[in-house]
Amino acid sequence: MRINFSENAITAKVRALYGQRITRSQYEELARKRSTSEIAAYLKERTHLAGVLAQVQPATVRSDQLETVLRRARYYKYLSLRNYASPKDRDFYDQYVLRVIEIEQILQMIRLINIGRTREFISGYPAFADSGLQISLDRLARVKTYDDLLTALEGTDYHDPLLRYRITDKSQPIVDYAHCEMTLMNCYYTAMKKVVARSFTGKARQEIEDIMATKIALENLIIGYRMKKYYPQMSPEEIRSYLLDFWREPPKRQVEALLNAPDAERYLELLRGTRIARGLPEEEIGSIGFGSQSIRNLLSERYMRRTQNPATAFVSHMFLSEMEIENIVRLVEAVRYGMEPAEILNLLVIL
């Protein structure tokens, strides 16, 4: 695939951003802070986020405000990188970022419907990302019930898949959030599969599909483990209904063995023998969520360093920048609960 000078700018800028990431020593200092204000002040004064946090007042900032500022900055960085993409590839960049924002807002509304607090949506929705979305955040803000949500989503890719979870038994008003989430993410990956197939060929397509396939497989491994651990009475068929559609079909015998494991401990024993878990530190297998993030980040880091394809570099950057935000959110929460620095560092994925 021929890459023009403008697209090369994406790879160069992404690698420069990777070099500015928060380092282990900085995370160690952050873990010793005792409040959200102290964390915000350090991020503003000592990290690459100084410009992002220029207007933030550390003494008064709340944790949710800090997260919103960081996610807004990530969105604007996506817009700036997108400007260098060739016109034929911009559909991929838009699908990759904007569809996730849409799904996050739909899921947020479903959570609020379930607890009867839909009015809170308007105070939290990301108005900065309204442009380019196929859903109307203003229409979502007026939703009060699941039927209202379906009406607001008419004409979008999300309406028909979510229609099956419409509440018919009014004595049981709780929406099936877990299956709604799985359905929406399958919509996302189905759309991504199509746009990757029409946008890329050769090695570029192989790299992107490798990252996406790994991400889905890891998410399914986590879902399976959590079901085995917290809902041991669930059958393999019930667990399977919560899994995402694999990007590539894994060995069927391996999946069946995991789903038929008698308990969570046996599930982890079988997991140790899978290709995807090889090279994962033993202590992380028992903490499968963090271990999977490490694998995903190492995969992204590998492509960040080696790829010549701008889209692959972009996907890698988005993974890594999202993980940095998740690290900061975990730090703030852990400090709030008074955890020790060593405990906090164990919660983070640090490259």
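1. Where is Lys 88 found? Lys 88 sits in the loop between helix H4 (63–82) and helix H5 (90–115); helices here are DSSP runs of H or I with at least four residues, strands are E runs of at least two, and numbering goes from the N terminus. With a relative accessible area of 53%, Lys 88 is exposed. For accessibility, the cut-offs are under 20% relative accessible area for buried and over 50% for exposed, with partly exposed in between (1.4 Å probe, protein chains only). Lys 88 and Arg 198 are 110 residues apart in sequence, yet 9.4 Å apart in space, C-alpha to C-alpha.

2. A word on the model: it is predicted, with local features needing pLDDT of at least 70 and side-chain atom pairs counting only at pLDDT 80 or more, while totals for chains, interfaces and linings use all residues. Residues are numbered from 1 along each chain as its sequence is written, and side-chain values use heavy atoms, leaving out hydrogens and water.

3. Now the overall picture. The protein has 18 helices and zero strands. Of its 351 residues, 49% are buried. The accessible surface is about 17,900 Å², and carbon and sulfur atoms hold 50% of that (Shrake-Rupley method, 1.4 Å probe; for residues, only the protein chains shown count as cover). Looking at contacts (heavy atoms within 4.5 Å) between residues at least 6 apart in sequence, 65% join residues at least 24 apart.

4. Have a look at H3 and H17. The axes of helix H3 (residues 36–46) and helix H17 (residues 310–336) come within 9 Å and cross at roughly 145°; axes are lines fitted to C-alpha atoms over the stretch in contact, with angles from 0 to 180 degrees between N-to-C directions. H3 contributes Thr 36, Ile 39 and Leu 43, and H17 contributes Ile 328, Leu 331, Val 332 and Val 335. That makes six nonpolar residues, one polar and no charged (nonpolar: Ala, Val, Leu, Ile, Met, Phe, Trp, Tyr, Cys and Pro; charged: Asp, Glu, Lys and Arg; polar: the others, Gly among them).

5. Which residues of helix H2 (residues 24–31) are buried? They are Gln 26, Tyr 27, Leu 30 and Ala 31. These residues lie on the same side of H2 because they cover an arc of only 140° around the axis, taken from the directions from the helix axis to the C-beta atoms. Their cover includes H3, H17 and helix H18 (341–346).

6. On to salt bridges (a side-chain nitrogen of Lys or Arg within 4 Å of a carboxyl oxygen of Asp or Glu): the count comes to 17. In one of them, Glu 29 pairs with Arg 46, the closest N and O atoms being 4.0 Å apart. Glu 29 is in helix H2 and Arg 46 in helix H3, 17 residues apart. Glu 29 is partly exposed at 26% relative accessibility, as is Arg 46 at 49%.

7. Another pair is Glu 256 with Arg 240, at 2.7 Å from N to O. Glu 256 counts as partly exposed at 26% relative accessibility, and Arg 240 at 32%. Elsewhere, salt bridges that share partners join Glu 67, Arg 71, Arg 74, Glu 322 and Glu 326 into one network.
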